[in-house]
Structure formats: C-alpha cells, structure tokens
Amino acid sequence: MSGFETGREIISYVALGDSFTEGMDDPYPDSASTPHGRYRGWADRLAEHLGSDGTEVRYANLAVRGKLIRQIVDEQVPLAVEWRPDLVTICAGGNDIIRPGGDPDLVARVFEAAVRRLRATGAHIVVFTGMDTGFQPVMRHLRGKIATYNMHLRAIADDHGCDVVDLWSMKVLQDRRAWSADRLHLSPEGHRRVALKVCETLGVRSGGDWREPWPAADPRDWRAARQEDLSWAREYLVPWIGRRLTGRSSGDGLAPKRPRLERVEALERMRDAARRVAADTERGA
C-alpha cells in the first residue's frame with residue numbers, strides 16, 4: 001500500500017524521464033501543427049487524476065525524448081531537488097539499456113544516486129520497471145538485460161521507500177493496440193492504462209481499470225502483416241538504429257514541455273485551445 005497522502009489542498013508533482021514520461025505517442029489535437037509535436041501521456045493524465053477531487057495540483061514535466069540516465073540526473077533531478085515537490089515520478093535508464101553495450105548494473109548505480117537525492121527532499125517517489133519485450137520480435141533479445149535492471153530497481157525502491165509501478169506485469173500492454181505505429185512508444189490507450197496503474201499504486205481514485213480486456217481484434221492477413229513489418233522497418237527501425245550509431249537523439253535541442261510547476265488547470269486550457277485549433281483546421285480543409 002502506498003504511503004502517499006491524498007485529499008490535501010495542494011499537491012506539487014514533478015515528472016522526470018524520457019519519451020515515455022514526455023507522453024509519446026499520445027498527441028494533443030494540435031500536435032501535428034506544433035514543431036516536434038505536443039504530447040499528453042500518462043503523466044499529464046495522472047496530474048489530471050490527482051486534481052479530480054478538487055485538489056489544486058501544481059505540475060511540472062521535465063522529461064524529454066531520447067534522454068539517457070546521466071542527462072536526466074544532470075538536467076532534471078537538480079530542479080526537482082530544488083523545488084522539493086510532494087510527488088516525483090522517475091522513469092530513467094531505458095534508453096541506456098537498449099543501446100549496444102548498455103550495462104544494467106552501471107545504470108542502476110546512477111539511478112540509485114538520483115533516488116537518494118530526491119528522497120532526501122522528503123518527496124514521495126514512484127519508480128517504474130521496464131516492460132517485458134518478449135512479445136516484440138525486434139526487442140526480444142533485450143529481455144534479459146531489462147529483467148536484470150528491473151531487479152535492481154525493485155531493490156532500490158525497497159531500500160529507499162519508493163513505490164514501484166510494475167510495467168513488466170502489465171500484460172494488457174502486450175496488445176499491439178497499446179503501441180503507436182513506431183512500436184517504440186505507447187498509444188493514447190496505452191498511456192491511459194499506465195496512468196490508471198499509477199493511480200492504483202498511489203491510491204488515487206481514477207474511475208477506470210487498467211486491466212479492462214481489449215475488444216476482440218480483427219484478424220490479420222499474414223501477407224498484409226509482413227508488408228506492415230517491412231514498412232515499419234523502413235520508416236522507424238532504420239532511422240532509430242542510425243541515430244544510435246551516430247550518437248544522435250530525437251530529443252536533441254528540445255526543451256521540456258512543462259518546465260515549471262504550474263497549476264493543472266493550464267492543461268485544461270491547453271486541451272481546449274488545441275481542440276479549437278484542430279476544429280478550425282478541419283473546417284478549413
């Protein structure tokens with residue numbers, strides 16, 4: 001059972017991490033017209049759930065796609081330490097683990113040092129295990145490294161009194177509908193379910209169940225599925241490998257989407273504005 005206190009008048013929440021926490025691939029309605037896109041994701045959804053009972057939520061999301069753990073520790077953790085929020089979620093290390101030569105033992109040591117600094121502020125900390133990639137042919141070979149890292153994360157959480165969101169055990173994320181077209185980032189529905197899982201872990205009311213079964217899927221023709229695989233490899237896998245080999249990142253030069261602690265009501269205004277822009281664009285098409 002989480003020790004996070006709900007029902008308080010004001011909650012401050014800081015989200016740290018990479019593309020998973022930035023919210024890819026759960027776009028706001030105006031994302032296509034925004035440079036580099038604009039994403040909602042499970043963390044924005046969690047912030048909304050935290051304020052659903054009338055609590056004032058002040059929320060910052062410092063996550064940026066492609067970030068490695070040392071970048072997260074150097075660029076994001078110091079701000080969270082300075083702000084001393086009530087709640088911090090940190091999901092980091094995944095981009096390090098999936099790189100050739102990634103060492104889960106070394107990454108875990110860096111992660112623990114970050115958790116120690118965050119915990120010293122008195123913040124309630126939530127960490128995330130890696131997902132089980134056994135169902136993804138291209139990522140299946142990473143399963144052992146991810147499992148090793150997960151064991152480190154659980155030990156760190158035990159030692160420092162953190163909550164753990166166990167993504168590995170979320171079998172609902174092994175449905176292809178939980179993933180976007182790039183097969184690397186969650187779909188809007190995948191993010192919605194993760195947000196519900198985090199709410200359950202924290203003891204926050206959400207009005208939903210992340211375990212809800214998926215509707216029956218339409219059967220897939222074998223040839224069509226193979227053609228889809230080839231198209232995916234050309235459009236997403238090859239560029240991704242190219243960035244890894246050249247040391248480039250999809251997040252190079254990008255700033256966090258919510259760099260300051262701001263009231264969550266701003267999210268509502270942003271969504272309303274995005275819907276209006278999307279509606280205006282549709283009418284003009």
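Tyr-13, Phe-20, Trp-42, Phe-128 and Val-194 touch the most other members of the largest nonpolar core, which has 35 residues. The elements that each supply two or more residues to this core are β1 (10–17), α2 (41–50), β2 (56–61), β3 (87–91), β4 (124–128) and α8 (188–202). The structure described here is a predicted model.

**Nonpolar cores**

- Leaving aside residues up to four places away in sequence, Trp-42 touches Tyr-13, Phe-20, Thr-21, Thr-89, Phe-128, His-191, Val-194, Ala-195 and Val-198.
- In soluble globular proteins, nonpolar side chains tend to be buried together.

**Cavities**

- Two cavities of 30 Å³ or more are present in the structure.
- The largest cavity holds about 40 Å³ of space.
- Its lining consists of Met-131, Asp-132, Phe-135, Leu-167, Trp-168, Met-170, Leu-173, Gln-174 and Trp-179.
- By residue class, the lining of the largest cavity comprises seven nonpolar residues, one polar residue and one charged residue.

**Backbone features in loops**

- A cis peptide bond, with omega near 15 degrees, runs from Met-24 to Asp-25.
- Asp-25 belongs to the loop between α1 (19–22) and α2.
- Arg-84 is not a glycine, yet its phi is positive, at about 50 degrees.
- The loop that contains Arg-84 lies between α4 (77–83) and β3.
- Arg-84 has a relative accessible area of 52% and is therefore classed as exposed, the cut-off for that class being over 50%.

Methods: Residues are numbered from 1 along each chain as its sequence is written. This is a predicted model: local features need pLDDT of at least 70, side-chain atom pairs count only at pLDDT 80 or more; totals for chains, interfaces and linings use all residues. Side-chain values use heavy atoms; hydrogens and water are left out. On a 1 Å grid over the protein atoms alone, a cavity is a set of points where a 1.4 Å probe fits but cannot get out, and a pocket is an open set with protein on both sides within 12 Å along at least five of seven lines; lining residues have an atom within 4 Å of a point. Grid points are joined across faces, edges and corners, and a volume is the space filled by probe spheres set on the points. Ala, Val, Leu, Ile, Met, Phe, Trp, Tyr, Cys and Pro count as nonpolar, Asp, Glu, Lys and Arg as charged, and the others, Gly among them, as polar. A nonpolar core is a set of buried Ala, Val, Leu, Ile, Met, Phe, Trp, Tyr and Cys residues joined through side-chain atoms within 4.5 Å. Buried means under 20% relative accessible area, exposed over 50%, partly exposed in between (1.4 Å probe, protein chains only). Helices (H or I, at least four residues) and strands (E, at least two) are DSSP runs, numbered from the N terminus. Contact means heavy atoms within 4.5 Å.
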